[in-house]
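Hi everyone, thanks for making time. Please have a look at the screen while I bring up the sequence and the structure.

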Amino acid sequence: MMSRDRNSDAGTVMIVDDEAMVVGAIQGFLELETDHRVIPFTSPQAALERLAEESVHTIVADLMMPELDGVEFLTRARELRPEATRILLTGYADKENAIRAINEAGLYQYLEKPWDNDALAFAIRNGVERSQLFRALTERMGELEAAHEELAGLRERWIHAFL
């Protein structure tokens, strides 16, 4: 397969799982089959430190990790990067953790291990697109607010000029 250029337009994906084999498998799959830039971590604490410095589009995290569970990690990630799409990957599917993840971490998707590569790629692609749209909307709203302030200033000057 031909090598693909990784660029910011394709989106940046952070993978966090305490099992290096899982991180490697997902990273390898994404690097072979997508244009996403992948940032791998086996430590949720190290991943949080990186998130404090760098924005990502989508975060895929395991539920059961020794330092922080996936819900705690994604909840903290949400505080640092609210625009990033959050996906929880787990071998321990249960309704209680799914509901907790949705409520506390603003979860976008919940996938079970062993994952289906097509389903994971689809969730990540949609997550990246969601994050890019969120960022574009936020940027556009900022532009509109600035234009509104400028118009308000013009209105004030016109009132003073004519009164």
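Predicted model: local features only at pLDDT ≥ 70, side-chain atom pairs only at ≥ 80, totals over all residues.

Residues are numbered from 1 along each chain as its sequence is written, and side-chain values use heavy atoms, with hydrogens and water left out.

Let's start with the sheet. It is open, with five parallel strands in the order β2-β1-β3-β4-β5; strands here are DSSP E runs of at least two residues, helices are H or I runs of at least four, and both are numbered from the N terminus. Two strands pair if DSSP finds at least two bridges between them. β2 and β5 (109-112) are at the edges with a single partner strand each, so one side of each has no neighbour in the sheet. From one strand to the next, the twist averages 20°. Between β4 (residues 85-90) and β5 there are four bridges, and L88 sits opposite Y110 in β5.

Now, which residues of helix α2 are buried? In α2 (residues 44-53) they are P44, A47, L48 and L51, where buried means under 20% relative accessible area, exposed over 50%, and partly exposed in between, with a 1.4 Å probe and protein chains only. Looking down the axis of α2, these residues fall within an arc of 100°, so they line one face of the helix; the arc is taken from the directions from the helix axis to the C-beta atoms. On the face turned away from that buried side, we find the exposed residues E49, A52 and E53. The cover over the buried residues of α2 includes β1 (12-16), β2 (37-41), β3 (58-62) and α3 (70-80).

Next, α3 packs with α4 (residues 95-105) at an angle of about 15°, their axes 9 Å apart. Axes are lines fitted to C-alpha atoms, for helices over the stretch in contact, and angles run from 0 to 180 degrees between N-to-C directions. That makes α3 roughly parallel to α4, the word for angles under 35 degrees.

Last, A84, in the loop between α3 and β4. A84 has 0% relative accessibility, so it counts as buried. Leaving out residues up to four places away in sequence, A84 touches V56, H57, I59, R130 and S131, contact meaning heavy atoms within 4.5 Å.

Definitions and conventions:
Parallel < 35°, antiparallel > 145°, perpendicular 65-115°, else oblique.
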